[in-house]
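Hello,

Here is the structure I said I would pass on. My notes follow below it.

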Amino acid sequence: MSVATVTERERQVADRLYARRRIRNGIAVFMGCLTAAFGLFFLGWILWTLVSKAAGGINIPLFTQMTPPPMQEGGLLNAFFGSAVMCALAIAIGTPLGVAAGTWLSEYGRTRKVGTVVRFINDILLSAPSIVLGLFVYTAFVMTTGGRFSALAGSLALAFIVLPVVVRTTDEMLQLVPTQMREAALSLGVPQWKVVVQVLYRSASAGIVTGVLLALARISGETAPLLFTAFGNQYWNSNVMQPMASVPVVMYQYAGSPYESWQQLAWAGALVLTCFVLLVSLGARAILLRNKISHD
């Protein structure tokens, strides 16, 4: 009799605990859904505002004409060209250095104290404000070259943003490669550098490319570093040693102007830039998904 009574009491206690857990879980799920809805609402509001204000400025002259003087019509051709040039140079500078540094961290400095220090410094650089990197390049490069703003200086500032992203991605992707692949290649007498190039890079290529694309998406909208380095240019310029226009800087200048035509160009540039970042992000996701499916 006592055993049955104790069992009944335990069952009642368990039921009460289960009921409390269900209530807490329901509250947590509700708060999570409410928070997600709150964020999605403002994201949708921002996107709707962007599309509604920029739709009237999306036309052929936007991609075929130069930035205009006040009170005149024009486009963002030179700004698109400048952004493409500086982003391409930044990727070309930051990617090889980032892949090399990430490879060293993963394959040579994984267990060393200096590797821990390098990872810590890379994390600091990864979270550093972009304006600080722009000021550093302004002091170290622009001022030492006689105060000359240039697209090359802007590319260097953007490369400092690309570098830590590629380092982190390369390091993590190489560490995900199974150790058995390294051991199998080394057991055949293959030099370690060849193991890295022909085995590890092939296995981690999708992740590394994804990191580069994410870095590209990040730098494409940076404004602060370019204000102190590339500065901007109202005219067409293909010389990387001279000031060059860019979409983020033009948006910054035109959005705060009193001219309606300039404000329309700023909104249109913002929409084009948003679509570009979206496409690059989707491309990165597609590469990761395709690599995952192929491995499965």
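Domain bounds here come from an automatic or database domain assignment. For this chain, the assignment gives domain 1 (1-55) and domain 2 (61-291). Their centres, taken over C-alpha atoms, are 40 Å apart.

Before the rest, two notes on the source. This is a predicted model, in which local features need pLDDT of at least 70 and side-chain atom pairs count only at pLDDT 80 or more, while totals for chains, interfaces and linings use all residues. Residues are numbered from 1 along each chain as its sequence is written, and side-chain values use heavy atoms, with hydrogens and water left out.

Where do the two domains meet? Five residues of domain 1 are in contact (heavy atoms within 4.5 Å) with six residues of domain 2. The buried area, meaning the accessible area (1.4 Å probe) that two parts lose on being put together, summed over both, is about 520 Å² between domain 1 and domain 2. Carbon and sulfur atoms give 79% of that area. L50, K53 and A54 supply 82% of what domain 1 buries against domain 2, more than any other three residues.

Helices (H or I, at least four residues) and strands (E, at least two) are DSSP runs. Residues 79-104 are 100% helix and 0% strand, with end C-alpha atoms 37 Å apart. Residues 124-143 are 85% helix and 0% strand, and their end C-alpha atoms lie 25 Å apart.

Regards
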